[in-house]
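Subject: Structure handover and notes

Dear colleague,

I am passing on the structure we discussed, together with my notes on it. Please look through it first and then read on.

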2 protein chains.
Amino acid sequence: MSEQDSTDSEIRVLLVGLGAIGCEIAKLLLKKRNVKIVGAVDLDPSKVGKDLGNVIGLKEPLGVTVLESIKDFDAEAEIAVHATTSFLDKAYPQILELIKRGLNVISTCEELSYPYVVDEEISRRIDETAREHNVTVLGTGINPGFLMDTLVITLTSVCQDIKRICVERVIDAAKRRLPFQRKIGAGLDVRDFKEKIVKGEITGHVGLKQSIAMIADAVGWRIDRIIEEPVEPIIAEKEVKTNYVVVKPKMVAGLSQKAHGIAKNEKVISLIFKAYVGAVEEYDSITIEGIPMIRERISPCIHGDAGTVAIIVNLIPKVINAPSGLKTMKDLQVPSAVLDDMQFHLKSKKI
Amino acid sequence: MSEQDSTDSEIRVLLVGLGAIGCEIAKLLLKKRNVKIVGAVDLDPSKVGKDLGNVIGLKEPLGVTVLESIKDFDAEAEIAVHATTSFLDKAYPQILELIKRGLNVISTCEELSYPYVVDEEISRRIDETAREHNVTVLGTGINPGFLMDTLVITLTSVCQDIKRICVERVIDAAKRRLPFQRKIGAGLDVRDFKEKIVKGEITGHVGLKQSIAMIADAVGWRIDRIIEEPVEPIIAEKEVKTNYVVVKPKMVAGLSQKAHGIAKNEKVISLIFKAYVGAVEEYDSITIEGIPMIRERISPCIHGDAGTVAIIVNLIPKVINAPSGLKTMKDLQVPSAVLDDMQFHLKSKKI
């Protein structure tokens with residue numbers, strides 16, 4: 001124990017972003033051995049200056065004061081856990097700053113999971129700067145990052161040939177908290193829902209495009225384009241009372257989104273995402289029409305927040321191990337849980 | 001096309017072992033671009049000296065004459081596909097010879113998928129010799145290699161904590177060919193079955209121990225020991241007629257095997273393998289009791305031979321890309337299909 005518990009072998013983590021996910025990541029990190037939170041940053045004035053333990057709801061302080069800016073962080077760390085935004089343009093300056101501080105970066109930013117389809121120039125600059133500073137950058141999470149891409153890619157490895165891939169994620173929003181129910185428009189009438197879509201107040205799930213592009217790239221499929229169908233409301237057929245909203249018949253129960261990867265005018269990759277109050281079955285399914293045929297199903301579906309928190313923490317050593325540059329999940333080592341000692345998973349040196 | 005089709009970019013493969021699996025691998029390789037079979041070896045006198053095309057049932061010759069020994073191969077190749085045996089002691093001298101010829105090796109040898117639990121000394125020697133010759137060695141297949149280990153490990157990556165893992169593979173042997181039905185004792189009476197077990201004529205599935213050890217290693221679980229329960233016959237309840245054997249009530253329909261990884265006197269990893277004529281449902285299931293809970297199921301189960309052939313071919317570029325030494329699936333990049341051009345997947349240089 002003594003050697004593993006020494007400070008030298010601890011992985012030092014800077015947390016950037018203390019929203020719901022960032023706080024849960026902090027709590028999970030505290031349960032693992034040989035990893036230490038050495039800094040925390042959040043813009044929120046109600047958090048800045050407080051002890052991190054206080055912010056995440058612990059009784060004891062952690063001795064880490066929440067800073068307002070990455071610039072204020074003056075300790076050493078191996079990796080930054082970045083959880084501030086879904087969008088690449090907002091994440092970009094923060095990530096660049098972390099890279100220039102010599103930090104590896106693992107981020108929940110959905111668009112960063114496969115950023116080439118959002119902005120090639122930004123992606124190139126992140127990659128180049130990361131290589132210059134000998135660090136690795138990865139965007140991941142449960143989705144995008146796992147359920148609709150990495151797991152699909154992994155399953156293709158037992159296929160001799162593939163004609164078509166269809167992935168479906170169905171979430172019963174009745175089991176989720178209010179912010180999630182709001183995010184999908186549960187309880188709105190259809191006109192309000194459509195207005196909020198137009199205003200960008202309901203964005204739907206961010207990441208279908210990223211997942212399609214990552215799958216195509218991983219298997220070497222040349223797709224001509226990615227089509228994202230408009231976000232559609234799912235209309236309630238009967239009344240559903242949740243702990244938060246009550247959805248009456250003809251009101252919006254949630255939303256449905258579809259995206260397709262097109263090759264030679266065929267939909268070769270289709271992703272379907274549905275989140276609504278009252279879904280009869282929650283599941284994540286993957287169908288690969290190929291040789292052999294694969295019908296895979298996780299039921300109930302994996303809880304998004306719990307899974308994202310897990311994969312971010314579990315991937316920390318893999319990101320540190322990886323060659324430098326901007327990476328996506330398909331480039332990394334087979335992902336795995338870190339059950340206890342994070343140091344155990346740090347095997348190779350940075351190249 | 002012109003550049004990719006040039007000989008320079010082709011991955012050159014030496015096939016070692018032309019049994020049922022080796023021949024299917026050859027056929028699949030012929031369907032992929034930028035990979036070329038440049039040699040073939042098999043001990044069988046009925047194959048030696050013949051053209052490989054003839055041996056695998058093509059109308060046209062391939063211009064590759066089957067050699068009796070690896071020693072007779074005098075061309076250049078990047079990788080050897082090795083498919084001669086399930087057992088490490090038999091594979092070892094062949095693999096060592098291939099390594100010394102400067103070839104990367106991908107093998108169907110079940111015990112090689114995680115050879116440390118079979119023979120640490122042999123494993124160490126393979127690793128050292130591979131590093132000396134700057135090549136990579138991997139044992140893989142559908143099982144061990146994927147369904148009961150790599151896929152399980154991949155799913156653990158979305159878990160914050162894990163209490164117990166249970167994996168089950170159930171195969172309806174009625175849908176398989178005669179050699180498979182024989183291998184599991186279908187149609188024998190119970191006494192004959194038990195005799196064949198004692199004589200080693202029925203070995204059951206080889207690999208449960210390897211899969212357990214690989215999972216434990218990947219997640220950092222310290223297991224105290226691995227218990228393999230004796231292979232048990234599954235007794236037919238009603239008559240089942242297959243295209244090959246007929247199984248009458250009270251005869252052996254097939255076999256059941258269980259193995260467990262034990263930590264602190266608890267079965268923390270359990271693998272159950274059943275192959276018998278008349279299984280009502282064929283499936284591969286993974287249950288992870290953890291946070292979150294994961295219940296995953298592939299139904300019907302993935303066809304063993306088809307999947308093994310696929311993963312061997314698909315992993316060729318990943319093995320070439322990997323750092324040198326003896327690797328197991330958990331060490332490699334996220335696996336994926338090679339849909340067309342194998343060269344596309346060759347991105348990094350050997351370290």
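This is a predicted model: local features need pLDDT of at least 70, side-chain atom pairs count only at pLDDT 80 or more; totals for chains, interfaces and linings use all residues.

Residues are numbered from 1 along each chain as its sequence is written, chains are lettered from A and ligands numbered from 1 in the order in which they are written, and side-chain values use heavy atoms, with hydrogens and water left out.

The largest cavity holds about 40 Å³ of space, the volume being the space filled by probe spheres set on the grid points, which are joined across faces, edges and corners. Its lining, meaning residues with an atom within 4 Å of a point, includes Leu147(A), Met148(A), Arg169(A), Asp284(A) and Glu296(A). At least two lining residues come from each of strand 7 (161-172), strand 14 (283-291) and strand 15 (294-298) of chain A, where strands (E, at least two residues) and helices (H or I, at least four) are DSSP runs numbered from the N terminus. By class, the lining has six nonpolar, one polar and four charged residues; here Ala, Val, Leu, Ile, Met, Phe, Trp, Tyr, Cys and Pro count as nonpolar, Asp, Glu, Lys and Arg as charged, and the others, Gly among them, as polar.

Over all chains there are 36 salt bridges, each defined as a side-chain nitrogen of Lys or Arg within 4 Å of a carboxyl oxygen of Asp or Glu. For burial I use relative accessible area, with buried under 20%, exposed over 50% and partly exposed in between (1.4 Å probe, protein chains only).

Asp284(B) and Arg169(B) meet in a salt bridge with an N to O distance of 2.9 Å. This pair links distant parts of the chain, since Asp284(B) is in strand 14 (residues 283-291) and Arg169(B) in strand 7 (residues 161-172) of chain B, 115 residues apart. Asp284(B) counts as buried because its relative accessibility is 4%, and Arg169(B) is likewise buried, at 2%. In chain A, salt bridges that share partners join Glu121(A), Arg124(A), Arg125(A) and Glu128(A) into one network.

Helix 5 of chain B also contains Asp127(B) and Arg131(B), four residues or about one turn apart, and their salt bridge brings the closest N and O atoms to 3.0 Å. With a relative accessible area of 18%, Asp127(B) is buried, whereas Arg131(B), at 46%, is partly exposed.

On the surface, Leu30(A), Leu58(A) and Leu62(A) form a nonpolar patch with about 210 Å² of accessible area together. Patches are made of residues with over 30% relative accessible area and no salt bridge, like charges being joined within 9 Å and nonpolar side chains (Val, Leu, Ile, Met, Phe, Trp, Tyr) within 5 Å; the areas come from the Shrake-Rupley method with a 1.4 Å probe, and for residues only the protein chains shown count as cover. Leu30(A) lies in helix 2 (residues 20-31) of chain A and is partly exposed at 40% relative accessibility.

Gly63(A), in the loop between helix 3 (52-55) and strand 3 (66-67) of chain A, counts as exposed because its relative accessibility is 68%.

Best regards

Key: On a 1 Å grid over the protein atoms alone, a cavity is a set of points where a 1.4 Å probe fits but cannot get out, and a pocket is an open set with protein on both sides within 12 Å along at least five of seven lines; lining residues have an atom within 4 Å of a point.
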